[in-house]
Amino acid sequence: MMKIGKLSIIIPAFNEGDTIHLILNKIKAVTLMDNIQKEIIIIDDCSTDDTEKTVADYQAANPELDIKYFRHIRNGGKGASLHTGIAQATGEYLIIQDADLEYDPAEYNDLLKPVCNGFADVVYGSRFMGSNPHRILFFWHTIGNRWLTFLSNMISNLNLTDMETCYKLFDTKLLQSIKLKEKRFGFEPEVTMKIARIPLIRIYEVGISYYGRTYEDGKKIGWKDGVRAIYCILKYGLFSR
């Protein structure tokens with residue numbers, strides 16, 4: 001059995017003033033297994049809305065929560081925010097949480113279970129396996145995700161079903177030891193390619209819910225990010241360490 005004292009929850013945020021307090025409420029409501037404590041790390045990627053004020057108000061109203069807030073002076077992208085959050089994490093394990101409402105923090109324990117039971121070093125939450133709720137949205141977006149996962153698997157020799165998922169749970173020291181370069185949405189394929197090369201790494205996958213957003217709701221990823229993902233899979237899988 002693995003004993004975890006603290007889970008670091010890394011939240012990259014860009015113009016999420018309308019939803020970030022809602023996701024914080026969900027995180028607050030979660031009781032983690034084995035009395036694991038929560039460290040919440042918010043990285044505001046130079047938002048132009050009221051994200052900063054919303055977080056400050058939430059911190060003032062919830063002083064019992066361990067919330068750390070960092071703000072980039074210029075927009076660097078999701079990957080850049082994750083680099084900041086990973087460097088600041090002090091929990092034995094960390095998980096990535098988007099500031100919107102697409103992923104449900106109530107499922108943290110599903111990802112923690114393989115680690116706490118001593119089986120896993122890394123756990124991916126898959127939107128494409130299991131019987132949990134999934135919002136029905138974009139056909140071509142789903143095909144793109146599955147194709148990127150297929151290409152990633154072919155090069156990394158993994159058998160993931162959802163490489164592009166937000167929910168990734170990592171051993172913090174292991175992840176901090178990896179030199180990550182991608183500043184935007186290329187983080188997902190880069191980190192997957194790099195952890196796949198670690199000798200004897202134990203990667204697990206569990207099914208999660210997915211409450212997807214439309215572009216009208218504020219979804220930010222687009223086809224250019226898919227092209228970049230292909231580039232990153234090839235670059236970090238075949239040509240670069």
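Start by selecting Leu-200, which sits in the loop between α7 (187-196) and β7 (203-207). Keep in mind as you look around that this is a predicted model. Leu-200 has a phi near 65 degrees, a positive value in a residue other than glycine. Is Leu-200 buried or exposed? With a relative accessible area of 82%, Leu-200 counts as exposed, because anything over 50% does.

Now jump to Cys-46. You'll find Cys-46 in the loop between β2 (37-44) and α2 (51-61). Here's another positive phi in a residue other than glycine, near 60 degrees.

Next, some rings. Select Tyr-103, Tyr-108, Tyr-167 and Tyr-210 together: they form one aromatic cluster. How many aromatic pairs are there? The count comes to four. One of them joins Tyr-108 and Tyr-167, with 5.8 Å centre to centre and 55 degrees between the planes, which makes the pair tilted. This pair links distant parts of the chain: Tyr-108 belongs to helix α4 (residues 108-116), while Tyr-167 is in the loop between α5 and β6 (168-171), 59 residues apart.

Leave the surface on and select Trp-147, Phe-150 and Met-154. What do these residues make? They make a nonpolar surface patch of about 380 Å². Click on Met-154 in particular: this residue is in helix α5 (residues 139-156), and its relative accessible area of 56% makes it exposed.

Finally, zoom out and switch to a cartoon view. The chain has eight helices and seven strands. Its radius of gyration is 17 Å, close to the 18 Å that the globule rule gives for 241 residues, so the chain is as compact as a globular protein of that length. Line up the principal axes and the C-alpha atoms fill a box of roughly 50 × 45 × 35 Å. Buried residues account for 52% of the 241. For contacts between residues at least 6 apart in sequence, 83% join residues at least 24 apart.

Technical notes. Residues are numbered from 1 along each chain as its sequence is written. This is a predicted model: local features need pLDDT of at least 70, side-chain atom pairs count only at pLDDT 80 or more; totals for chains, interfaces and linings use all residues. Side-chain values use heavy atoms; hydrogens and water are left out. Patches are made of residues with over 30% relative accessible area and no salt bridge: like charges are joined within 9 Å, nonpolar side chains (Val, Leu, Ile, Met, Phe, Trp, Tyr) within 5 Å. Accessible areas come from the Shrake-Rupley method with a 1.4 Å probe; for residues, only the protein chains shown count as cover. A salt bridge is a side-chain nitrogen of Lys or Arg within 4 Å of a carboxyl oxygen of Asp or Glu. Helices (H or I, at least four residues) and strands (E, at least two) are DSSP runs, numbered from the N terminus. Buried means under 20% relative accessible area, exposed over 50%, partly exposed in between (1.4 Å probe, protein chains only). The radius of gyration is taken over C-alpha atoms; the globule rule is 2.2 Å times the number of residues to the power 0.38. Contact means heavy atoms within 4.5 Å. Rings of Phe, Tyr and Trp (its six-membered ring) pair if their centres lie within 6.5 Å; planes under 30 degrees apart count as stacked, over 60 as edge-to-face and the rest as tilted.
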